[in-house]
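Thanks for coming. I will go through some side-chain contacts and a few backbone details, and I will keep it short.

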Amino acid sequence: MNKRIARYFNTIKNRKFDFFLMALAFAATVLVIFSGAFMAVSETLNVGDISPKRYIATRNVENTVETQRLRQKAEESVGELYKHDPDVAVNAKEQIDSFFESVDSAIAEMKIEAGQEAARKNALSRIGGNEVNAVPEYNYAINPAVSIPIYFSPVQYEEYDKLSTEDKEKFKEDIKYAADYAFEQGITDDTRDRVVEQARSIIDAYQWNDILKSMAYSTVDSVVVPNLVLDEEAIEAAKEQRASEVEPVMILKNQKIIDSGEVITEEAFAVLMELGLINNGYRDSFIHITGSCMLAFLCFTAACLYLGTIQKRAMEKSGTSLLLFFIYLLALAIMFATERLNDYAFVPLSVFAMLVSILIKPKIALVLNIFVCVIGCFIFNGDLFFLVYFLITGSFSAILVQYTQKRTMVLIVAVAVGFINMAAYFAISIFTSGYSNTIFMGSLYACVIGVVSLVMVIGSLPLWEGVFGINTKFTLAELANPNNEIMRRLIIETPGTYHHSLVVANLAETAAYEIYANETLAKVGALFHDIGKLKNPQCFSENQFGENIHDNLDPSVSAQMIMRHVSDGLEMADDAGLPKVVRDIIEQHHGTTLVKYFFVKCAKEKDKTGDVVHESDFRYPGPIPQSKEAAVVMLADTVEAAVRSYVSSGNDSAGIEGLVDKLFKDKLDDGQLDDCRLDLKEIEVIKKSFMKMLSGMYHHRVSYPKQEEVDETRKKEAIRCREEK
């Protein structure tokens, strides 16, 4: 119960510390974002001001002012578009017919009135006795009611009236023909006078006299009006089409926008605003700051939820949170130092993903790489291609760096990381702005930075391991080298223990791999778990060749000598500077198990005297395994020793599986696996892994014939051969 309470308070304490680190990391992030790209280049300037420095485009951006100017020019190039109105010609003919009908009607009325006047005069003359034969006097000063502005002189009306009915009809048709010709040409306000002149030339070709021709001129001039009207819809559509054909004017990344000392034009101002290199004062900055803080906070929240739930076990390891905090600060420092280069090819941000992958866990590296890339996008002033580039390269780097555990693979991985960086940069560049020689050079820079990033990671591992007590697979793999001093001593001084450790290491490594634990740690821990036996090797059966010293010792003394190899091993591990994780396995590989043989032996001897035997005197001091790797080593150590003893006693290998089941059950019942976080499924996987290897080691072998049988068989065969000859 006391252990549980202590563990509970330690958990609360760790959570408070983790929360403090998160808040500190968030504050550092906000500081870098707004003292980096955004605040460093964002100044308050206006059109007409003198540029204080040279501005370079941080990304590809559209020159909206120049694009709009070209589109406006394209729209202005669209001329006037007209549409034909057929009703104009129809109305003109109707007006001509109506006009001459009015003229004919007016002349007829005038003649009637003139006839009536002549008759009145004749009647008056007869009444006065002076009979006069008066004739009608026609006055062609008529004013017919017409809807078009045509005015003829009396002479013209009189000349027209002289025509026969057939000629009048032909005269009207000739005028209509001239008008039709004019309308067929298409008439606008600008072309009307020219078209009317063409219609007059047609009238001139007629056989009418000059007076009638003048009437025709006036009539055509009055009815011929524009029949082509402006088509507003067509004009707008044409302008939109021309404008859409204008390609946006782009300013490419790293292209100069304006030099120091130059006047800021409207065009340059718009580009600088689009890139966020200048602002409109406090209000504009506040909006950017608020949005960036909110997004950064959401990123931190998502990352913390992931680490606190899905990766809870990984983060509960001592020092992991602090280590991750400093790796993140390193990533912030890298981005802050390189953001003014205006080219993400020179940013070794993949260092973050690789360090997290090696020092903590690859799965965490892959997820947190996304988080850091989003933060980097803010620092690099919203460059989305920065985000895409490092999502790709960081993910590949986090995976490939795992293969550098073998020194022979470092060069291959370095080449692979460099190639991926180059390919990603090249693909993004040709996607955004097409191919150019500068893109090829940028791709080469990206390749070099990828290789440099890997070198930085591999070279800095001793620093991280020393400061934070982290032991990577690289360090652990070096400890497994047989040329290690302790390993050489085991080989020479305790060959039995060394062989036992090798078998346990093979069992533990295979089982740890199957349950996705740290197989390298399990292997190294197994190799070193019994180094304490170097202090007194003859106490252990695998190193005894002849007399067993425990036959003449008190069982309690023998038990203490056996159990002491744990404390002796810890002393040797401290002197040799072995990592803490290995020392923990040495300390925990027996847990608090009971030394059963000497406990039972002592109890039998005490039965004669009636003395009490305390079980605690025959139990290892512990603690019980606190990690999966330590538990795997404990089980492998127990199984290997028991199976070796079982087989060496002449038992059939078919009973090994039952023995292993019993050993696993004993450890579970004794509570030795309570704190190692192994679940039942993983325990079953470990058991199957052990059985697979043990079956190969202790499989049934054909018994070889004795030498006497061989010699006798050879003699018999030799006699048969002579007889055949």
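Before the contacts, one cut-off: a residue counts as buried if its relative accessible area is under 20%, as exposed if that area is over 50%, and as partly exposed in between. By that cut-off Phe 152, with a relative accessible area of 9%, is buried. Please keep in mind that this is a predicted model.

Phe 99 belongs to helix α4, residues 87-127, while Phe 152 sits in the loop between α4 and α5, the latter being 154-161. The two residues are 53 apart in the chain, and the pair links these distant parts.

One aromatic cluster is formed by Phe 99, Phe 100, Phe 152, Tyr 157, Tyr 160, Phe 171 and Trp 208.

How many aromatic pairs does a search of the whole structure find? The count is 22. Among them is Phe 26 with Phe 300, an edge-to-face pair with 5.4 Å from centre to centre and 90° between the planes. Phe 26 is in helix α1, residues 2-35, and Phe 300 is in helix α11, residues 282-310; the residues are 274 apart in sequence, so the pair ties those parts together. Are the two partners buried or exposed? Phe 26 is partly exposed, with a relative accessible area of 22%, whereas Phe 300 is buried, at 7%.

There is also a charge over a ring. Arg 200 lies over the face of Tyr 217, 5.1 Å from the centre of the ring.

Now the backbone. The peptide bond running from Gly 622 to Pro 623 is cis, and its omega is near 10°. Pro 623 is found in the loop between α25 (596-609) and α26 (628-648).

Next come positive phi values in residues other than glycine. For Tyr 516, phi is near 65°. Tyr 516 is placed in the loop between α21 (495-514) and α22 (519-528), and with 78% relative accessibility this tyrosine counts as exposed. For Arg 677, phi is near 70°. The loop that holds Arg 677 runs between α27 (656-669) and α28 (680-697), and Arg 677 counts as partly exposed, at 41% relative accessibility.

That is what I have. Questions are welcome.

Definitions and conventions
Residues numbered from 1 in each chain as written. Predicted model: local features only at pLDDT ≥ 70, side-chain atom pairs only at ≥ 80, totals over all residues. Heavy atoms only, no water. Phe/Tyr/Trp six-rings, centres within 6.5 Å; stacked < 30°, edge-to-face > 60°. Helix = DSSP H or I, 4+ residues; strand = E, 2+ residues; numbered from the N terminus. Buried < 20%, exposed > 50% of the residue type's maximum accessible area, 1.4 Å probe, protein only. Lys NZ or Arg CZ within 6 Å of the ring centre and 35° of its normal.
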